[in-house]
Protein chains: 2
Amino acid sequence: MGGDDAPGVVLAGLELAAERHPGAKFLLIGDTAKLEPLLEQHPRARAACILRHTPDAIPGEMKPTLALRMRGASMRMAIDAVAAGEVAGVVSAGNTGALMALAKIVLKTLPEIDRPALAAVTPSGRGDVIMLDLGANVQCDSRNLVEFAIMGDAMARAVLGLPSPTIGLLNVGSEELKGDDRVRQAAEVLKAHPSLNFHGFVEGHDITRGTVDVIITDGFTGNIALKTGEGALKLMRDLLRQVFTSSILARIGYLLARPALDRLREWMDPRRYNGAILLGLNGVVVKSHGGTDAMGFAHAVDVAMDMVTHGFTARIREGLASINTRELAGDPS
Amino acid sequence: MGGDDAPGVVLAGLELAAERHPGAKFLLIGDTAKLEPLLEQHPRARAACILRHTPDAIPGEMKPTLALRMRGASMRMAIDAVAAGEVAGVVSAGNTGALMALAKIVLKTLPEIDRPALAAVTPSGRGDVIMLDLGANVQCDSRNLVEFAIMGDAMARAVLGLPSPTIGLLNVGSEELKGDDRVRQAAEVLKAHPSLNFHGFVEGHDITRGTVDVIITDGFTGNIALKTGEGALKLMRDLLRQVFTSSILARIGYLLARPALDRLREWMDPRRYNGAILLGLNGVVVKSHGGTDAMGFAHAVDVAMDMVTHGFTARIREGLASINTRELAGDPS
């Protein structure tokens, strides 16, 4: 029931997802009076769905503390279904703060994971890149950064299909002495980790350059860096639109270059990157943008399917077993 | 003597700068055996210059601690000339770490400024934006952020010529409760400041959107955000180049749209944004990119001239006098 054009966009997205994942079953939770007429228009979604009725939905702007009390809300019932083992994961286009708070409280973190992190896939000049944390934790210590690296590694294997993803720790320079104690300590532990392919420190421009497959940072910096990069790409799209409508010759130029420009537009289509994942919980939790369309929502479902089917959680457990926890015990910051 | 093609680029840049600032005099410090023959080719620079000889120059990769010992180096002699009141500011394309360390130690911070900050001008959809700190301080407390806002305000008046620049504090959301104590405390003080036009929290995408004239953040986040935005713009430039060389039709399309595309390229030309400023010292210190050309170096000189001629330091003193220092006393971070 969450998102700007819910539940219409969700059902249209589910129609696409049901087509892409023929074996999958979906538990659809919400107001059946609204859902049933829409399902008539989406036969594949209807065939793949089990409906569960609730009249309550968490409003988009409700504070997480209040949302936690709405035990009958559709989002809460979906997360409860994950906790009960009834479903493997949840996809929501609703209130982000409420989803994160509910998921943490109901699903709990994996053993040995201190804090869950928000991760997403973002484009680079050398293929897709995974970045975390994107804002679940505005303050992080070195232990958190190491856990993020282990989770990012597992996600890159599951979602990007890479056998040995390279991992970079975001810093203000690539030399070993740069940054604060927190990133330097995390780098020491990551360097010694037996199963992670740690590249070392990377800088802001390495995100779009695709220097590494996984970018690790704290939630404050990660949130700001992701939105800065998205903002720069959006500015360029807007300016190009102005360029190609600035004169008749420019319009003709656009038409001539259109096949290649369309490929570029497709490549940077934000819908292809829809679906941020809350990593580190007992269950898969994917957040779709509230303003996306059916194609974007279907992509968020793809991400959840990849996480579920590629043994993401087992891989994290392996990675965690290899950290020397003593090295990080009593870590300040 | 600093930068990739020094001193050739520096002198060619000075030739342009001397043309733009007919009243200005430049003290040129370096190896006169190398400088004199080059000056023959640059009559305007030669007429506006006083030469001072030293055979020593700080190498590009030298650690700041070692650079501090080179008392006869050209960079050191230039900063000493600022300290002696002989010149109003210094522009260097040399070793950044050495420049920052030397400037802090030799020039000292302005009274009541705790730490200097690195600032630069960056493009947005609604005009140029000033951003700081870009890496001078990887850890900042709320008092530092408030000082950065006062310095950014003064710089926006001097360099962008704005009578009342709007100021935004970078955060993971624009709501008052977002972020950590540090940014929330700084926002409280900025809100109460009598002469600052404080807009509130801004997010990563607000940088290129041009929501505010001045973006304030800590040096860790600022360095990463700036480089992330630059990286995204560079990726787009590279991809557009690929688009317009991908087929004969696309090449023709490029030629037709060229006037508008050239304006776009000019607008985002990194040389127009060359010249980062170390703010908060007793004297103007501008760092040019080491890899820039004559036009970029001349722009760094422009920035220094603006700072000197627009009463930057006086404005900072005014702004500082208005902060309630008690409010921030004993601030943890």
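Analyst: A salt bridge is a side-chain nitrogen of Lys or Arg within 4 Å of a carboxyl oxygen of Asp or Glu. This is a predicted model, in which local features need pLDDT of at least 70, side-chain atom pairs count only at pLDDT 80 or more, and totals for chains, interfaces and linings use all residues. Residues are numbered from 1 along each chain as its sequence is written, chains are lettered from A, and side-chain values use heavy atoms, with hydrogens and water left out.

User: What makes the meeting of A:Glu203 and B:Lys227 a salt bridge?

Analyst: The N to O distance between their side chains is 2.3 Å, which is within 4 Å, so the pair meets the definition.

User: Why does the salt bridge of A:Asp128 with A:Arg272 tie together parts that are apart in sequence?

Analyst: The closest N and O atoms of A:Asp128 and A:Arg272 are 3.9 Å apart. A:Asp128 lies in the loop between β4 (117–122) and β5 (129–132) of chain A, and A:Arg272 in the loop between α11 (248–267) and β9 (276–279) of chain A, so the pair joins parts 144 residues apart in sequence. Helices (H or I, at least four residues) and strands (E, at least two) are DSSP runs, numbered from the N terminus.

User: Why are α7(B) and α12(B) called roughly perpendicular?

Analyst: The axes of α7(B) (residues 142–160) and α12(B) (residues 294–309) come within 8 Å and cross at roughly 110 degrees. Angles under 35 degrees count as roughly parallel, over 145 as roughly antiparallel, 65 to 115 as roughly perpendicular and the rest as oblique. The pair is therefore roughly perpendicular. Contact (heavy atoms within 4.5 Å) is made by B:Met155, B:Ala158 and B:Val159 of α7(B) and B:Val303, B:Asp306 and B:Met307 of α12(B).

User: What makes α1(B) oblique to α12(B)?

Analyst: Helix α1(B) (residues 8–20) packs against α12(B) at an angle of about 55 degrees, with the axes 7 Å apart. That angle falls among the rest, which makes α1(B) oblique to α12(B).

User: How is the area buried between chain A and chain B defined, and what is its value?

Analyst: Buried area is the accessible area (1.4 Å probe) that two parts lose on being put together, summed over both. For chain A and chain B it is about 4,100 Å², and carbon and sulfur atoms give 79% of this area. In this interface, 51 residues of chain A are in contact with 51 residues of chain B.

How values were computed
Axes are lines fitted to C-alpha atoms, for helices over the stretch in contact, and angles run from 0 to 180 degrees between N-to-C directions.
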